[in-house]
Amino acid sequence: MNAGLYEARHSFVWTHGADMLPLLAPTPGERILDLGCGPGQLTARIAEAGAHVVGIDSSPDMIGQARQNYPSLEFKLADATQFEFAEPLDAVFSNAVLHWIPEADAVVRNIAAALKPGGRFVAEFGGKRNVQALLAAARTVLQARGLEYRNPWYFPSVAEYATVLERHGFEVRAAWHFDRPTPLDEGDDAMDDWIRTFGGVVLATAPKDEWPHIVRAMIDLLRPELFRNGRWQMDYVRLRVNAELRRDLPG
């Protein structure tokens, strides 16, 4: 993912994520992980509360951008399924990341291992039905060309994800599954930018030289549903969870 394009044209990702910070409620001195920090905007917001925060991301480009944006904060290149900390954390925060990692059990197991008993896990990511129109367009265009369609993302329901959390010792304190139609930047090319930034994984089964034609065909299918009043809008559906690690309690 291109960090520069992501930061320049997709600021809605961290703008919407900022309203989770009251749910996280960071306090001075807490040790908090921002899991999948991207360019670091929300990591910096958590640090403003006085918490000792570390941002991790699996993208060298994103970590490089975060370090450039916030040189006084700590950012590490790390995988969500394999990170380790010498001392247990008070909380783990994650925004718009976990739908990129189908290995949900491995991620949650790792988060549980990093938290102290009673530690908090606050996250939001794509939920069931997220970008449904885009996936339907991709399936139609790819299959019409004799290519395999795959959904590479993980978009669970509340029940599906709560089951994963409980399996690894979390108590789900609250969960929300909600529609969030999200306007993209102005301009007719905004959907093309979104697909180039986020949606290339959907086209992985297609030869690269066919991508421009596939994207144009997808945009033609999406226009009647997602282009409104001269602006593109994504059919986002989000899953937000607030959970507490309770492995210290019997039963």
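This is a predicted model: local features need pLDDT of at least 70, side-chain atom pairs count only at pLDDT 80 or more; totals for chains, interfaces and linings use all residues.
User: Which residues touch the most other members in the largest nonpolar core?
Analyst: That core has 32 residues, and L35, F83, I111, F121, Y161 and F170 touch the most other members.

User: And which element gives the most to this core?
Analyst: That's α6, with six residues. Other elements that give two or more include β1 (31–35), β5 (115–126) and α8 (158–167).

User: What is L35 in contact with, leaving aside its neighbours within four places in sequence?
Analyst: Quite a list: among them are I56, A80, F83, V92, V107 and I111.

User: F83 again! Is that one buried or exposed?
Analyst: F83 counts as buried because its relative accessibility is 6%, and the cut-off for buried is under 20%.

User: How many aromatic pairs are there?
Analyst: The structure holds ten. In one of them, the ring centres of F83 and F85 are 5.9 Å apart and the planes sit at 65°, so that pair is edge-to-face.

User: Which charged ends sit over rings?
Analyst: The charged end of K208 is over the ring of W211, 5.0 Å from its centre. Likewise, R223 has its charged end over the ring of F227, also 5.0 Å from the centre.

User: Switching topic, where is S59 found?
Analyst: S59 is in the loop between β2 and α5 (60–69). A polar atom of the S59 side chain lies 3.1 Å from the backbone nitrogen of M62.

Definitions and conventions:
Residues are numbered from 1 along each chain as its sequence is written. Side-chain values use heavy atoms; hydrogens and water are left out. A nonpolar core is a set of buried Ala, Val, Leu, Ile, Met, Phe, Trp, Tyr and Cys residues joined through side-chain atoms within 4.5 Å. Buried means under 20% relative accessible area, exposed over 50%, partly exposed in between (1.4 Å probe, protein chains only). Helices (H or I, at least four residues) and strands (E, at least two) are DSSP runs, numbered from the N terminus. Contact means heavy atoms within 4.5 Å. A polar contact is a pair of N or O atoms within 3.5 Å; within protein, one must be able to donate a hydrogen and the other to accept it, and residues adjacent in sequence count only if both atoms are side-chain atoms. Rings of Phe, Tyr and Trp (its six-membered ring) pair if their centres lie within 6.5 Å; planes under 30 degrees apart count as stacked, over 60 as edge-to-face and the rest as tilted. A charge sits over a ring if NZ of Lys or CZ of Arg is within 6 Å of the ring centre and within 35 degrees of the ring normal.
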